[in-house]
Amino acid sequence: MFDLRELSRRVVAAPMAGGPTTPELVVAAASAGGVGQLAAGYLSPDRVRADITAVRAAGTEVFGVNIFVPESEPVDPDALARYRAELVPYARNLGVTLPDVDDLGDDDDHFDAKIRLMCDERIPLVSFAFGCPRPEVFAELHRHGCNVGVTVTTAADAEIAGQAGADWLIVQGPDAGGHRSVFDRRTSPPTPPLPDLIGEVADRVELPIVAAGGISTAARADEIRSLGPVAVQVGTVLLRTSEAGTKPAHAAALADPDRTESVVTWAFSGRPARALRNLFTDRFSDVAVAEYPAVNTLTGGIRRAAANDPDGINLWAGSGFRDAVEESAVDTITRLG
């Protein structure tokens, strides 16, 4: 079973669902001496299998796959209907017809099939976001040689993950870009600084820690690793690299001098996520509802129609977004390692 402490460069490329993480990015992370993780979120099992095949065909054997844990609480249709009504005029201006609330039920994102795929493919590293799986899931993955991690935002969640069978933890601080991996989508993400969170988790759980959130420079990476984590996980700083599949409008916004602020919003997906502030977040953050994954499906047509408009899409970004530059991910990871 692969151990993260064996990395020659103590950097993990974050699994960024929705396009930014590609097989090429995962391969680049390995080439630099770190490790990458494919993002299985939103993808069919067949597509995930194809991405795994592509990574291995490039000669990379040590890599991970990240899976979303299904929601434990059902979607509230009344809340969803209220948010849909707020979105209708905006969608209509884009020529988008929003799906009906009755068509926006709960979705487990092919969770069981993806677990079977991890076992069949004997993936070296498997990580989870949005919650902690049942202990039997860890046991099954362990039987197939997988080293399993859970993304946590509190020491209490770290204890839950440790008791369930996690081998390592991704400890995610408040400066992280994209989705905050709170176990309860209706809670506001915690705000203690990453160094404090690392200390709290280490005091309560004796597991290797990969630290994440706003790490975008070599100095910051060194500082965080000096606190005890076996590695740092980086995502935003990779978004403009040549191997990433980031939308051009998103990549350009990261370098736009007029965009100076990031916000945490439920507006795009129904789960809290940090993004560059834009017109969509200004207009809908205050009326958004915590109804993932239904909100993510609800806004999907809007985001596709506005794919080239940085004011209409989710510009996921951590606090270090200004440090993302156009270069190979190999160079970025080498510099941070």
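Residues are numbered from 1 along each chain as its sequence is written, and side-chain values use heavy atoms, with hydrogens and water left out. Because the model is predicted, local features need pLDDT of at least 70 and side-chain atom pairs count only at pLDDT 80 or more, whereas totals for chains, interfaces and linings use all residues.

**Stop 1: helices α1 and α13**

Select residues 23-31, which form helix α1, and residues 329-336, which form helix α13. Helices here are DSSP runs (H or I, at least four residues) and strands likewise (E, at least two), numbered from the N terminus. The axes of α1 and α13 lie 8 Å apart, at an angle of about 40 degrees. Axes are lines fitted to C-alpha atoms, for helices over the stretch in contact, and angles run from 0 to 180 degrees between N-to-C directions. The two helices are therefore oblique to each other; angles under 35 degrees count as roughly parallel, over 145 as roughly antiparallel, 65 to 115 as roughly perpendicular and the rest as oblique.

Next, display L25, A28, A29 and S31 of α1 together with A329, V330 and I333 of α13, which make the contact (heavy atoms within 4.5 Å). By class, six of these residues are nonpolar, one is polar and none is charged. Ala, Val, Leu, Ile, Met, Phe, Trp, Tyr, Cys and Pro count as nonpolar, Asp, Glu, Lys and Arg as charged, and the others, Gly among them, as polar.

**Stop 2: helices α6 and α7**

Move to α6 (residues 155-164) and α7 (residues 194-204), whose axes come within 9 Å and cross at roughly 40 degrees. That angle makes α6 oblique to α7. A155, A156, A158 and E159 of α6 meet L197, E200, V201 and R204 of α7. This contact comprises five nonpolar, no polar and three charged residues.

**Stop 3: S262**

Select S262, in strand β10 (residues 262-265). Is S262 buried or exposed? S262 is buried, with a relative accessible area of 19% (buried means under 20%, exposed over 50%, partly exposed in between; 1.4 Å probe, protein chains only). Beyond its neighbours within four places in sequence, S262 is in contact with R274, A275, L276, R277 and A317.

**Stop 4: H144**

Finally, select H144, in the loop between α5 (135-143) and β5 (147-152). H144 is partly exposed, with a relative accessible area of 22%. Leaving aside neighbours within four places in sequence, H144 is in contact with C119 and R122.
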